Every structure is written in C-alpha cells, then in structure tokens.
Amino acid sequence: MAKKNSEIAKALPTGTDDRTKLQQRPAAEYQYADELAALRARTASEPRPPGWVLPPHAVLSFVLGDEASGVSPKFVGRRSFLERCIVSLATNRGLMLIGEPGTAKSYLSELLAAAISGDSTLTIQGSAGTTEDNIRYSWNYALLVSEGPSDRSLVPAPLHLGMKSGKLVRFEEITRCPLEIQDVLLSILSDRVMAVPEFQGDQRMLFAQAGFNVIATANTRDRGVNEMSAALKRRFNFETVAPIAEISQEMELVQRESNKLLSRAGVPVSLTTEITELLVTVFRELRQGKTTTGKGMEQLSAVLSTAEAVSTAAAAGIHAYYYDNGTVRPQHLVQHMVGTVLKDNPDDLKKVQHYFEHVIKKRSGDHWNQFYEARHELL
Amino acid sequence: MTFTRTATDADVPFAEIPFEPDLLERLCRIDTDVVFFPVRHHSPVAARLVAELIVNRQPSAVLIEGPSDFNDHFHELLLEHDLPIAIYSYFRCQESHFGAYYPFCEYSPEWLALRQGNHAGAIVRFIDLPWAGVAQRDQGAHRYADAELRRGKYVRHLCERMQVEDFDDLWDKLIESQASISLEEYFRRVHAFCYHTRLWEQPIGDSDIRREAFMAEQIRLMRRQTNGQLLVVTGGFHSSALAARLDGYRCPGASDDEATSTTDKALPKIEDAGISLTSYSYSRLDNLTGYEAGMPNPGFYEHAWRQRQGAGEYSHQPLLVELVNELRDRRQTLSTADLIAVETTARALAALRGRFHVWRRDLIDAVTSSLIKDELEYGCQSPFVDAIHAVLRGKRRGRLAAGTRLPPLVHDIRHQLNEANLEAKQGVRSVTLDLLEAEDLSRSRLLHRLRILGIVGFERTGGTDFLNRADLTRLWEEWRVRWSQEFDSTCIEASRYGTSLADAAGAKLAERSQTLDRDAARAAELLVQAAQAGIETLSATLLQRLNDLIEEEPQFIGAAGALGHVLYLYFHDEAFGTNHSPQIARLLAVAFERSLWLLESIGQSSGNERVVLRGMQALLETCQRASGSSVAAIDRAEFVAVLQRVERDARKPAAVRGAAAGMLWTLGVADDEQILADLLIFTSPSDLGDFLAGLFALAREVAQRHAKLVQTIDRLINEFGADDFQASLPSLRLAFTYFTPREKHYMLTTLFESLGLKQVKPLEALHVDAVSAAQALAFEERVFEMIARFGLESPPESTDGAAHE
C-alpha cells in the first residue's frame with residue numbers, strides 16, 4: 001500500500017466543514033461525507049487496491065445504496081455494470097463512460113472518484129479549447145524567470161495532481177477535445193509516468209502513485225468515440241451508461257428529483273403519480289422508438305433523458321403554480337415538452353404529432369385524454 | 001454464509017400459513033424413510049449430490065419428478081443415447097396440437113438419479129401427473145424450467161439482499177460456484193430457499209396442487225410396496241408440500257381443498273396423446289426466455305460438471321481458449337494484451353463478487369468490459385458478446401441410441417406419403433398438382449410441410465408464385481420427388497419439432513419466425529408458407545410472432561407488403577382455405593393499422609414510389625372490402641383522417657400526396673373541386689407526373705372519366721415549354737401506364753369531347769427511326785427558339801389541344 005490508511009484519512013473532508021454550507025452544490029465527498037466516513041470505519045481492516053480509500057464492495061454500496069448500513073442509493077443502474085466499472089478502475093486501464101446526454105455519466109464519475117479517492121475535484125473539462133496546459137501542468141512565469149523551474153513555479157493541472165497524490169482524475173467530455181490533446185493521455189495511461197523536461201534529475205519524471213487512474217466521459221450525440229485513436233481506445237475499458245431500464249425506478253427518480261427542484265424553487269407543488277407515469281411513459285416511448293405494447297416508431301433526434309423529464313416536470317410545476325391553480329395537469333406537460341423535446345429539428349415535431357395521433361389518441365384514461373386534447377400546444 | 005437467516009417468518013408478508021421450523025427441519029433430514037431431494041433442474045451440483053446420495057444410502061426406490069406415463073417405456077432411457085435428449089409429451093385437442101419437453105443433459109440431476117438409481121438396483125419411477133392432465137392450466141412447454149422459483153416475489157427480495165442481479169446469479173452464488181458444498185449444506189440452503197419461495201407465493205396455483213396431490217399419492221403407494229428408504233427427487237418448490245402432505249405439516253397448497261376446482265369447466269376431450277423420446281440440443285435449451293428459460297449457458301455448466309467429475313479442479317481457462325478460437329472463426333482480432341485484460345478483469349470481478357474462481361457472469365462481464373470499444377446499445381449485438389455466449393452455450397446436439405422407438409413423426413411421415421402415393425423410390429419422378437382439386441391440394445400440403453421441415457428428396461420445381469401473384473389464372477405446382485439416403489435421418493432430426501407432420505411444420509415455422517427481427521414482409525412470407533402447408537400449421541405462437549413482427553416493422557413498404565399478402569389470403573384465396581379465416585382477420589387488422597401508421601411517417605424521398613403506391617392500393621382495398629365484412633377493427637374514420645393529413649402534408653412526396661387524394665376521391669370523401677385544387681399545387685414539371693401517378697394508381701376509375709380533370713391536365717401540359725415537357729415526360733409516362741390502352745382511349749375521348757372536337761380518331765403510330773425522330777425534335781426546338789427570340793409565340797389559349805401528343 002502506497003500510503004497508510006490513516007494518512008489518507010487525514011486528507012479527507014468531513015461533513016462539518018463550514019465552507020461547504022453556502023456552496024450551491026458541494027462536491028460528492030462533502031455532501032455524503034458522513035456516509036463515506038461510516039463506510040470507511042466499517043471496512044477499515046479489509047484489503048483494498050493500493051491507494052483506494054474504500055474497498056471495492058464498499059464503493060459499490062456507496063453508489064447503489066445499502067439499506068442495511070444506512071447508505072442512500074445515488075445512482076440507478078445494473079449491479080453488474082457498476083461492478084465492471086469499479087473493477088476497471090482497479091486494473092491498469094482507464095474507464096470510459098459513454099452514453100446519451102443526461103444519463104448521469106458525470107454524476108457517476110463524481111461518485112466513483114469521491115468513493116475511491118475521497119476527492120472528486122480533479123476534473124478536466126474537455127472542450128475544443130482544451131490545451132495541454134489544462135491537462136498536465138503550466139508555469140507561473142514570474143517565478144519561472146526569477147527562480148528557474150522549481151516546484152514553486154510549476155502550476156500543476158489535474159492530471160499532474162492526480163498522479164502525484166495517487167487519486168482518480170476525471171476527464172469530462174473527452175471527445176470534444178482535439179485528437180492530439182486526447183493523445184496526451186497515451187503514455188500516461190500505459191507507462192504511468194509524466195515527463196517534465198524542464199526539470200533536472202529525479203524530478204524529470206513524475207511517476208504515478210498507486211491509486212491514480214482516469215475516468216473519462218463521452219457522449220454519443222456530439223462526436224462519438226469513433227474518431228478516437230485506436231491506441232487510446234485500447235487503454236480504456238468502455239462502459240455504456242444505459243437509460244434507466246425499469247419504468248418504476250425512472251418514475252420514482254423523476255418524481256423525487258422534480259419535487260426536490262420545485263421545493264428548492266419555493267413552489268409548493270408536487271407531482272402526482274399519474275402525471276409522473278404519463279410523463280415518464282411518453283419520454284420512454286419516444287426515446288426507445290417503441291410503445292409499451294411493442295409497436296415500433298421513429299426515434300426522435302432530440303435527447304430525451306431522465307434529466308430532461310425532470311426539467312420538464314419541474315417547469316410544468318412552476319407553470320401550474322404561477323399561472324394556474326397549482327395542480328399540474330397534462331396540458332402543462334405538453335406545453336413544456338415543446339421546450340425540451342422539440343428543440344430545433346422540424347422532423348421531431350412531425351414525429352411527436354404522429355405519436356399523439358396514433359398512440360396517445362387510442363389510450364384510455366382521463367390523463368391520456370387530456371394529454372391528447374392539449375396536442376395543439378405543440379404547434 | 002448466513003443464507004438460512006436471510007428470511008425469517010417475520011419477513012413473510014401476508015402469510016396465511018406461516019413458517020414452520022419443524023417442516024424445514026424435517027425436509028433437511030436424510031435418515032428418514034422418505035428423503036426429499038430438492039433440485040433445480042439442470043443443476044450440476046444437484047446432479048453430483050443426488051448421485052452420491054444414492055451410492056451412499058442405497059435407497060430401495062428413487063421417485064423422480066417426470067411424466068408418469070413414460071414409466072412403461074422407462075427402459076428406453078437406459079439405452080446409450082448421446083445427450084441432450086428429451087421426453088416429449090404430446091396430445092391433440094380439437095384440431096390443436098400441444099407438446100411439452102422434459103429435457104435431460106448429462107449433468108441433469110434427474111438423469112443422474114435415474115441412471116444411478118437403476119445401477120444401484122432401486123425401483124426408479126417418474127411420479128408426476130401426465131402433462132396432458134395439467135396442460136389446460138399450465139401451458140409451459142419446457143417442464144424443467146423452474147418457473148415457480150424464477151417468478152417468485154421472494155427471489156427478487158433475496159437477490160437484493162444477496163447483491164446479485166437475478167435468479168440465475170443467485171443460484172450460482174448460493175450453490176454452483178461454491179468450491180465444494182456438502183449434502184447437508186445443500187439441503188439446508190435449497191430447502192430453506194424453496195420453502196420460503198412457496199410461503200411468499202400464496203395462494204399456490206391450481207396445477208401445482210393437483211400435481212403435488214398426484215405425486216404424494218405415488219409416494220404413498222410406493223411406501224406400501226417397499227420397505228427400504230425412498231428418495232424423492234423433485235423441483236425444490238414441491239418438496240415442502242410433499243413432505244407436508246405425507247407427514248401432516250401445514251404448508252401452503254398442501255391440502256386439496258385449496259384447489260379452486262370451480263374453474264374446472266368441461267375440458268375438451270384429449271385425443272391422440274402420446275409420449276416418446278426425442279433428440280434435443282443445447283441451443284434449444286439456451287434459447288428459451290422468460291418463464292420457459294430454465295438454466296442458461298448449458299455449455300458452461302457442462303464444462304464445470306466435467307472438470308469436477310474428472311479429478312481436476314474447476315478452471316475457467318479452457319473456456320477462454322475456446323473464446324479465442326471462436327473469435328478467430330468470426331474473424332475478430334484479439335491481441336494478447338486483450339486476453340490478459342479479459343483474464344484480469346474476470347478475476348477481479350470474481351473477487352469483488354466474493355468467489356474463489358471465475359464464474360459464468362464474470363466471464364461475460366469481463367468480455368463486455370475489456371473488449372468492447374464502442375457504445376453498446378441496450379439489447380444490441382456485439383461480435384464479442386455473441387462469441388462468449390456461443391462458447392457458454394456449447395454446441396452439443398443429442399442423438400437417440402439405435403433401438404429406441406422411432407419418433408412418431410417418422411411413422412406419420414411414412415404413413416402420409418404412402419397414403420398420398422408420393423413415396424420416394426429409386427429414380428426421380430415429377431408430380432404436377434392442380435391446387436383447386438381437393439386431392440392434389442392435400443398432396444401439395446404434405447409436400448410443403450416436408451419442405452418446411454427440410455426433409456430431403458422433395459423439391460418444388462415450378463408453379464404459381466403466391467408471393468408475387470403475377471399470374472393467378474391457374475393455381476398449380478410441380479414437384480420433383482427423388483429417393484435420398486438422408487431421408488430417414490432428416491425425418492428423425494425433424495422429430496424434435498413435434499410428433500405429427502402438421503405440428504412439426506408449425507413448430508419449425510414458429511422457430512423460423514423467432515429468428516426474424518422487425519421484418520413484416522418476411523413474416524408475411526412465412527404466413528404464405530403456412531397457408532400453403534395448410535392452415536393448421538399456423539400455431540398460436542407463430543401467429544403471435546407474426547403479429548409482433550408486423551407491429552415492429554419500421555418501414556411502410558415492409559408493412560404494406562405484408563398487408564398485400566394477408567389481403568390476398570383473406571379475401572382472394574381460392575385454394576388454401578384461408579378465405580375469411582378469423583386468425584387471418586386479426587393479422588389483417590394489425591397489418592392495416594401498422595401500414596396506416598407508417599404511411600404517415602413516410603419521408604421526402606423514398607425512391608421507390610411504385611412500391612409505396614402498391615402498398616397504398618392494398619390499404620384502400622382493405623378498407624373498401626373490410627367495410628362489408630367481419631373485420632371490425634378497421635376504422636374508416638381514422639383511415640380518412642390519416643389520408644387527409646397525408647394529402648395536406650407539404651413534406652410528403654408528390655406521388656404519395658396524389659395517392660392520398662386519389663383514395664379520398666375514391667372513397668367519396670373528397671369532391672372534384674378538391675382534387676382539381678390539389679392538382680394545381682403540383683404544376684411544376686418535376687411534380688406533375690408524380691402526383692398524377694399517385695392519383696391514377698388509387699383513383700383509376702374516377703380519374704379517366706372526369707372531363708374537368710383531363711382538361712386541366714391537358715392545359716397544364718400545354719403550358720410547359722419544350723424543356724419542361726421533356727423533364728416531366730418520364731414521370732408522366734409512368735403515370736399513364738396505370739391505364740390500359742383502352743382506358744387511355746376513353747380518356748382521350750373524354751378530353752376531345754369536352755374540348756368540342758367531335759371527330760375522334762385513334763392516333764397512328766409513326767414509323768420512323770430514332771435518328772430521324774431526334775433530328776425532327778432538334779429542328780422543332782430550333783424553330784421554337786427562333787420564334788421565341790422574335791417574340792412571335794401565340795398566347796397559350798389558342799394552342800391546339802392535341803398538339804403535345
């Protein structure tokens with residue numbers, strides 16, 4: 001083991017940290033500090049991969065939840081999928097999470113980093129403007145000129161920090177970076193070493209400490225992983241984050257999250273089960289291109305993730321509260337689907353109209369009828 | 001392992017009959033006069049332990065959950081078969097055939113129990129109710145699928161607690177992947193698990209109660225017959241009820257009055273029941289899904305079984321070698337580094353899951369994790385995942401030993417060929433059949449069934465093409481019949497599909513339909529094949545599958561093609577007897593609805609308008625004919641609404657809009673004004689022909705007699721300049737091909753009359769060669785150009801009406 005557990009524990013955040021109280025969204029390791037601490041205490045004597053804060057099965061419990069030890073579920077997904085993700089991080093390959101936008105890839109990578117390294121903040125945000133400096137390190141030029149290359153004048157970027165301290169580094173939206181920037185990871189992932197040619201002697205080579213690895217995320221809509229170099233692909237294990245498989249789980253999540261959003265917005269409205277079911281059914285059918293009875297239909301080009309369903313539901317709630325009597329009704333959903341579902345593609349509008357005429361029209365039940373009656377809002 | 005404590009009586013919600021610790025205690029004992037051995041069917045660990053138990057305790061009788069009507073043929077099981085084989089139980093009931101399998105592979109506990117029991121000199125009997133007796137309530141065709149355990153609420157609960165995904169993983173974790181497990185431990189775990197499943201499943205189903213009553217009776221009879229110990233080998237779900245019935249414990253479903261006998265309506269009479277051995281295969285064992293599923297990955301469990309039977313330890317590495325070979329066969333590259341990654345990932349997963357060695361799910365997950373470098377859509381195929389599944393499935397196919405009763409199908413085929421005088425003899429003969437003759441028709445059906453089953457020696461060399469339906473003036477077929485030495489072997493091979501020829505052909509078609517995916521046109525071809533082989537081959541499974549395939553079809557052309565076939569069979573068939581059959585009516589409604597749905601989503605340039613138009617013709621015809629018949633599901637108002645939307649949709653191809661307008665016209669919904677107004681939208685040379693093609697195809701009768709329409713077309717074409725006219729010519733030609741020469745003549749007559757030209761004379765064809773025609777055209781063009789240059793062209797009104805012809 002590279003570091004003693006006690007040493008790692010010292011560096012870990014605790015839940016009582018005052019700084020996080022006013023933060024809009026504290027990092028996962030602060031938000032769930034109590035759960036992490038409890039898991040850590042309970043598994044203190046168990047073996048774990050070098051550099052890991054928690055043993056693999058405790059990481060799994062942290063993400064999926066464990067009723068018995070009071071850990072809340074945070075992510076909905078298949079157990080075997082998560083087991084594969086965690087195991088990948090313990091091997092010498094990085095983990096690449098790919099999937100549609102809004103399938104909680106980044107959230108999952110944050111949870112994994114918080115549970116495994118106790119730190120989810122070593123994050124590189126991939127974009128067309130990402131440079132090598134943002135990934136490896138750069139210099140404080142004033143100090144560089146006055147002192148020459150030294151630890152003081154070097155400004156480390158997340159990868160440098162992660163390698164040095166043996167922590168997970170998150171690389172968000174890696175495929176949005178230019179290919180040559182992506183390939184910076186090549187030697188680091190295979191040889192686990194970063195050269196700092198400005199230094200002399202031992203410092204020239206930064207060897208990664210145990211516990212270092214990379215979780216990258218990429219979404220399949222913008223620019224898929226196809227253009228990624230084969231050499232880099234080889235150094236990652238790929239896992240596709242699927243939309244939630246069970247409708248009941250998705251309903252629960254949408255209801256819970258949208259009610260949370262509404263209460264945060266100071267709107268005392270909550271979604272009924274029928275409304276949630278309607279919304280989730282519609283989103284799922286349009287997303288999968290298949291009705292619940294198995295009829296195929298055309299998929300939309302717009303993204304219909306669970307996150308979109310939540311924001312549609314929340315918008316409908318706010319609408320109902322301020323402009324109506326405070327009860328969310330199907331027509332509110334239709335109105336706000338216009339913003340989420342029908343973004344820019346005129347074909348999508350036709351597909352949705354078609355869906356209303358052929359699927360929704362034939363459903364029985366007041367909600368469905370009202371939903372159908374409100375179809376003119378789409379235009 | 002704290003398994004027996006994972007659920008206590010306090011956990012059982014809604015229990016009418018509570019947990020009885022004494023009963024569980026009783027079940028776990030192996031020193032009593034009746035020992036209840038709980039199996040999961042096809043579990044290698046259960047197989048090993050049951051064999052050991054028989055050797056150690058030498059019971060005087062071994063009673064196995066299996067069809068008691070096979071007891072008379074029991075000796076057949078002792079022949080030297082190549083496994084997997086199955087006992088196939090079948091019967092006929094009001095023209096429908098039913099069949100169910102009890103499959104055995106070399107690691108089946110039932111197989112080991114009967115072989116080992118026989119070897120030890122014990123009386124070996126099957127004790128379950130004959131399948132025909134429960135089939136009306138419980139139609140599961142795979143009798144060793146453990147459906148009771150799989151669907152239980154308890155299982156879901158336990159999976160969550162044990163942190164596994166599903167029942168198969170749970171079983172692996174509790175039993176199969178244990179490095180070694182003692183008989184006592186096995187009894188404790190499996191009895192506790194199955195007993196709890198039962199407690200959570202109250203009330204117990206009717207068929208289970210009836211079967212258990214029967215089994216308990218068989219055990220009592222045997223107890224009276226013999227003195228020694230009885231070993232009862234049944235699915236674990238039944239053990240507790242049997243023990244309760246015999247020894248007076250309380251257990252859900254253990255008394256007969258719980259059976260709701262009121263549902264016992266007068267059951268149809270069962271005819272032609274029978275039971276026999278048949279060959280089976282791993283792919284059939286593995287391909288089943290849902291409650292029919294049984295134990296997955298037979299190749300994997302055989303591997304585990306064989307390694308543990310031989311003195312060696314279990315190791316997953318030979319499976320990886322097979323995987324590499326399989327991938328090479330599939331031309332996928334797998335580097336050494338990849339293989340190392342698979343191996344390490346598999347081991348790490350096994351460790352994470354608390355296992356000593358790499359097991360089934362670890363291998364699948366390791367391959368998924370380390371080899372796939374792309375987005376893996378849910379439920380989508382990947383060559384790597386396919387390869388690992390192929391390895392875990394295994395390739396074994398069973399063969400019956402010589403001397404086994406020939407499967408009934410072989411007798412049926414021989415008998416029917418003899419009756420029809422179609423037996424294959426030396427040499428080749430040709431048979432021509434007239435499908436309108438009853439005798440020939442039945443011979444044709446026989447031959448089609450043989451062809452579906454792949455029986456060698458019968459070949460259709462010619463006849464009416466029912467798929468293209470080009471020429472239906474004569475319904476005939478020509479077959480070539482020749483003797484082949486493979487005839488017998490293909491008959492035996494086919495017998496796994498059923499015992500009667502019709503039944504087997506139906507099962508084969510159903511199987512073929514399972515391999516299709518979102519393909520309505522191919523589905524309808526299967527339907528035509530079923531019709532050719534006789535409507536009784538159209539099983540409920542096949543119908544359901546065809547139904548699904550049509551509903552999933554993503555393309556209008558496919559769905560409408562299917563509609564065409566179904567329409568023919570339902571309204572126009574003269575030979576097959578499918579005319580107005582209620583089963584076809586359902587498919588017709590489904591195909592109609594699906595085509596209508598897809599019609600609305602046709603995009604701008606489909607490129608094959610002609611096929612689309614043919615599909616729209618099928619739609620129109622269905623709607624028109626259905627209104628006077630019994631196909632109730634077709635909703636005319638809906639149909640009209642869709643057509644109106646299509647007609648108005650500016651993004652649809654002109655031909656489709658024209659066709660929709662034509663349909664509305666034919667149906668009497670759109671009036672003449674509407675059609676003329678529509679026509680004026682499509683005046684550009686690129687659209688006019690397409691629109692007319694659609695209109696003429698669907699409103700052929702009305703269009704040719706409508707003076708105003710013809711006049712308008714005439715005017716529009718006259719307004720075209722030479723270039724425009726040439727550009728529009730191909731599509732215009734196509735549009736007018738929908739009419740016969742006589743109809744074109746009518747049309748011209750209509751035009752001339754409406755223009756006041758009384759003297760109608762047929763146009764004469766000019767006999768000139770292509771070169772002169774081209775020269776004339778070029779000359780004409782120059783003249784027109786010159787006229788235009790000097791501004792001499794006449795206003796369009798005064799142009800001669802027939803000039804363009």
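How many of the six residues of strand β6 (residues 230-235) of chain B are buried? Six of the six are buried, and the strand is mostly covered. A residue is buried if 20 or more other C-beta atoms lie within 10 Å of its own, exposed if 12 or fewer, and partly exposed in between, with C-beta atoms placed from the backbone.

The model is predicted: local features need pLDDT of at least 70 and side-chain atom pairs count only at pLDDT 80 or more, while totals for chains, interfaces and linings use all residues. Residues are numbered from 1 along each chain as its sequence is written, and chains are lettered from A and ligands numbered from 1 in the order in which they are written.

**Strands of chain B**

Chain B has 33 helices and ten strands; helices (H or I, at least four residues) and strands (E, at least two) are DSSP runs, numbered from the N terminus. Of the 805 residues in chain B, 46% are buried. Two strands pair if DSSP finds at least two bridges between them. Strands of a sheet pair through backbone hydrogen bonds, either parallel or antiparallel.

| Strand pair | Sense | Bridges | Bridge partners |
|---|---|---|---|
| β2(B) (residues 61-67) and β6(B) | parallel | four bridges | B:A61 and B:L230 |
| β9(B) and β10(B) (residues 476-482) | antiparallel | five bridges | B:R460 and B:W479 |

Elsewhere in chain B, three strands form an open sheet in the order β8-β10-β9, with antiparallel pairing. β8 (428-434) and β9 (458-463) are at the edges with a single partner strand each, so one side of each has no neighbour in the sheet. From one strand to the next the twist averages 25°.

**A helix pair in chain B**

Helix α5 (residues 153-162) of chain B packs against helix α7 (residues 183-200) of chain B at about 125°, the axes being 7 Å apart. Axes are lines fitted to C-alpha atoms, for helices over the stretch in contact, and angles run from 0 to 180 degrees between N-to-C directions. α5(B) and α7(B) are therefore oblique to each other; angles under 35 degrees count as roughly parallel, over 145 as roughly antiparallel, 65 to 115 as roughly perpendicular and the rest as oblique.

B:K153, B:Y154 and B:V155 make the contact from α5(B), and B:H196, B:T197 and B:W200 make it from α7(B). Two residues are in contact if their C-beta atoms, placed from the backbone, lie within 7 Å. By class, these residues are three nonpolar, two polar and one charged. Ala, Val, Leu, Ile, Met, Phe, Trp, Tyr, Cys and Pro count as nonpolar, Asp, Glu, Lys and Arg as charged, and the others, Gly among them, as polar.

Chain A is divided into domain 1 (5-240) and domain 2 (247-378), with bounds from an automatic or database domain assignment. The C-alpha centres of the two domains lie 35 Å apart. Six residues of domain 1 are in contact with seven residues of domain 2.

The contact between the chains takes 29 residues from chain A and 29 residues from chain B. On the chain A side, α4 (56-64), α5 (79-90), β9 (236-240) and α17 (346-358) each supply at least two residues. The largest share, eight residues, comes from α5(A). By class, this side of chain A has eight nonpolar, twelve polar and nine charged residues.
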